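The sequence and the coordinates are shown first.

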Amino acid sequence: MVTPTPTVTPTPTPAPSSTPPPSPTTSNVADVTHKPPPPKIRHLPGSCASLLSSTDVGHEYGHKLRGATTFLVGRPDPSIDRLTYLNCKYGISNAKGPTIEITVSLYRTGTQATQRIESTVQDFIYHGATATPTTVAKRPATLLLDANMLAYGPTIVLAHGQRTVAVTLRPGTHQPAPLLEKLGKLALLRTAS
């Protein structure tokens with residue numbers, strides 16, 4: 001009797017994959033890399049009193065500033081990625097508010113600082129202001145004039161790196177553009193880290 005020989009069918013060998021399976025050290029890397037980078041600058045280099053004294057601001061303004069002066073250092077605001085800010089008000093009158101208000105804010109990134117300036121410009125335009133491109137210390141800035149609300153006095157805004165600078169004069173200030181540009185330059189240069 002002849003015993004039949006069993007037939008063995010070879011199992012096909014899978015073709016080598018061009019992409020190796022993820023290793024434990026490289027999996028989920030995308031989840032980690034989407035965190036925002038740490039800020040390059042974490043603090044402004046001083047306070048209103050040390051960086052933008054009422055004497056220096058008054059000198060640029062060209063007149064003695066009468067009235068009170070208030071200085072504020074702001075806390076972080078994670079909802080807009082603002083790390084800190086200075087709000088400096090000069091020549092405050094109870095009836096008319098400040099003659100000059102300078103706000104310098106520091107954000108986590110330069111992109112966020114630019115976005116905040118864009119939001120401010122749009123808000124002023126919404127309230128009737130005319131937005132005019134200009135420069136401050138050779139950097140792009142925007143003059144915001146003739147808004148239809150008293151809270152929106154003549155203003156200049158700009159972003160540089162992580163910082164934004166906004167200077168507002170009391171509504172009704174005569175020929176505000178040159179003053180805004182001078183005060184904007186002072187604020188920009190004095191608050192550089």
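In which strand does Thr142 lie? Thr142 lies in strand β5, strands being DSSP runs of E with at least two residues and helices DSSP runs of H or I with at least four, numbered from the N terminus.

## Basis and confidence

The structure is a predicted model, in which local features need pLDDT of at least 70 and side-chain atom pairs count only at pLDDT 80 or more, while totals for chains, interfaces and linings use all residues. Residues are numbered from 1 along each chain as its sequence is written, and side-chain values use heavy atoms, with hydrogens and water left out.

The chain has an average pLDDT (the predictor's confidence in each residue, from 0 to 100) of 86, and 81% of the residues score at least 70. Over residues 1-32 the pLDDT is below 50, and beyond near neighbours in sequence this stretch has one contact (heavy atoms within 4.5 Å) in the model. Where pLDDT is low, the predicted coordinates should not be read in detail.

## The sheet

An open sheet is formed by seven strands in the order β1-β2-β3-β7-β6-β5-β4, with antiparallel pairing; two strands pair if DSSP finds at least two bridges between them. The edges are held by β1 (68-74) and β4 (130-136), each with a single partner strand, so one side of each has no neighbour in the sheet. On average, neighbouring strands are turned by 15 degrees against each other, direction ignored; axes are lines fitted to C-alpha atoms, for helices over the stretch in contact, and angles run from 0 to 180 degrees between N-to-C directions.

Strand β7 is joined to β3 by seven bridges and to β6 by six bridges, antiparallel in both cases. Ser105 stands opposite Thr164 in β7, and Ile156 stands opposite Val167 in β7. Six of the seven residues of β7 are buried (under 20% relative accessible area, with exposed over 50% and partly exposed in between, 1.4 Å probe, protein chains only), so β7 is largely enclosed by the rest of the structure. The hairpin of β6 and β7 has two residues between the strands, and Gly161 takes a positive phi near 60 degrees there.

Strand β5 (residues 139-145) pairs with β6 (residues 155-160) in the antiparallel sense over three bridges. Leu143 stands opposite Ile156 in β6.

Thr142 has a relative accessible area of 18% and is therefore buried. Apart from neighbours within four places in sequence, its contacts are Val121, Ala131, Thr132, Thr134, Thr155, Ile156 and Val157.

## The packed helices

Helix α4 (residues 110-126) lies across β3 (100-107), β4, β5, β6 and β7 (163-169), at about 160 degrees to β6. Helix α5 (residues 176-190) also packs on the sheet, touching β3, β4, β5, β6 and β7, and its direction makes about 145 degrees with that of β7.

The 17 residues of α4 reach 25 Å from first C-alpha to last, close to the 24 Å expected at 1.5 Å a residue; the expected span is 1.5 Å times one less than the number of residues. Its buried residues, including Ile117 and Phe124, pack against β3, β4, β5, β6 and β7. Gly128, with a positive phi near 90 degrees, follows α4.

## Ala113 in helix α4

Ala113 lies in helix α4 and counts as buried because its relative accessibility is 0%. Ala113 and Gln162 are 49 residues apart in sequence, yet 5.6 Å apart in space, C-alpha to C-alpha. Not counting residues up to four places away in sequence, Ala113 touches Tyr107, Ala159, Gly161, Gln162, Arg163 and Thr164.
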